[in-house]
Amino acid sequence: MKPEVKHGKEHAMAAARGRPSLTEHRRLRTRLEIAEAAAALFADRGYDTTTVEDIASAAGISLRTFYRYCPAKEDALTPLFASSVGQLVDALAEHPVEEPLSAAIEASFGTATAERRLEDAGRARRLVRVLGTVPVLKMRWLAVGREMQERLAPALAARTGAPADSLEVRLLTTAVLDAFTVTMEHWARQDEPEELVDLMRRALEFLRIDELQVKPETPVGK
C-alpha cells in the first residue's frame with residue numbers, strides 16, 4: 001500500500017503545482033520515445049513496411065509496453081504532434097504579449113527539441129510526406145490538431161484580450177495551426193526547399209497574423 005500512497009501524494013502535490021507528477025512525466029517521456037522511434041522508422045522504411053515489433057524494438061521496450069501506451073500502430077505518432085504544439089504554447093508563454101505574435105511563433109522553431117527533430121531535414125520531410133499520403137496517419141494528424149486548439153487558445157487569448165472561447169480567438173488559433181500544417185506540407189514536397197522557419201515566416205506574413213493580434217484595451221480609469 002505504501003507505493004500507492006506515495007504516488008497518490010505525488011500526484012496531489014503535482015496537481016497543486018500545476019505540473020505533471022514524476023510518474024506522469026515518465027509516461028510522457030516513454031510516449032515521446034515511442035513516437036520518435038516510430039517517426040524515424042516511418043520516414044526511413046515507410047508506414048506499411050514498419051511493424052509494431054519494429055517500433056517497440058527501436059524504442060527499447062517490450063511489445064506489451066507498446067500496447068500499454070498505443071492502442072495501434074497509427075496512434076504511435078500522436079504524442080509527437082502534441083509535443084510540437086506544446087513547444088509553440090511554451091514559446092508564446094515565454095514571450096511578452098506586446099511582442100508580435102509572428103516573432104513568438106518563429107521562436108518555437110529555435111527550441112532545442114525542435115532543432116533536434118529538424119536536424120535531419122531529409123528524414124523530417126520524408127515523415128511529413130508519409131503523414132500526407134497515409135490516410136490513417138493524416139486523420140490522426142488532423143484530429144490531434146483539433147484537440148490541440150484547446151491548449152493553444154488560452155495562450156493566444158492572452159494576446160488578444162478576448163476570451164479563449166471567443167470567435168476571434170478560435171479563428172486565430174485555427175489560422176496558426178493551419179499555417180503550420182500547410183507550411184510543413186509545402187516544405188516536404190519541395191526538391192530544394194527553403195528553411196522551414198523562413199517558409200513559416202512567409203506564411204505568417206501572407207496571413208497578416210500580427211494584424212489579427214488585437215491588443216487588449218486599457219480599462220477606463222487606469
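Are phenylalanine 109 and phenylalanine 180 buried or exposed? Phenylalanine 109 is buried, and phenylalanine 180 is likewise buried. The model discussed here is predicted.

## Aromatic pairs

Four aromatic pairs are present in the structure. In one of them, the ring centres of phenylalanine 66 and tyrosine 67 lie 5.4 Å apart with the ring planes at 85 degrees, so this pair is classed as edge-to-face; the cut-off for that class is over 60 degrees.

Phenylalanine 109 and phenylalanine 180 form a stacked pair, because their planes stand at 5 degrees, with a separation of 5.5 Å between ring centres. This pair links distant parts of the chain, its members being 71 residues apart. Phenylalanine 109 belongs to the loop between α6 (101-107) and α7 (112-118), while phenylalanine 180 belongs to helix α10 (residues 167-189).

## A charge over a ring

Tyrosine 47 has lysine 73 over the face of its ring, at 4.0 Å from the ring centre.

## Aspartate 75

Aspartate 75 is located in the loop between α4 (63-69) and α5 (78-94). Its relative accessibility is 17%, so aspartate 75 counts as buried, the cut-off being under 20%. When neighbours within four places in sequence are left aside, aspartate 75 is in contact with Cys70 and Arg140.

Note on methods
Residues numbered from 1 in each chain as written. Predicted model: local features only at pLDDT ≥ 70, side-chain atom pairs only at ≥ 80, totals over all residues. Heavy atoms only, no water. Phe/Tyr/Trp six-rings, centres within 6.5 Å; stacked < 30°, edge-to-face > 60°. Helix = DSSP H or I, 4+ residues; strand = E, 2+ residues; numbered from the N terminus. Buried < 20%, exposed > 50% of the residue type's maximum accessible area, 1.4 Å probe, protein only. Lys NZ or Arg CZ within 6 Å of the ring centre and 35° of its normal. Contact = heavy atoms within 4.5 Å.
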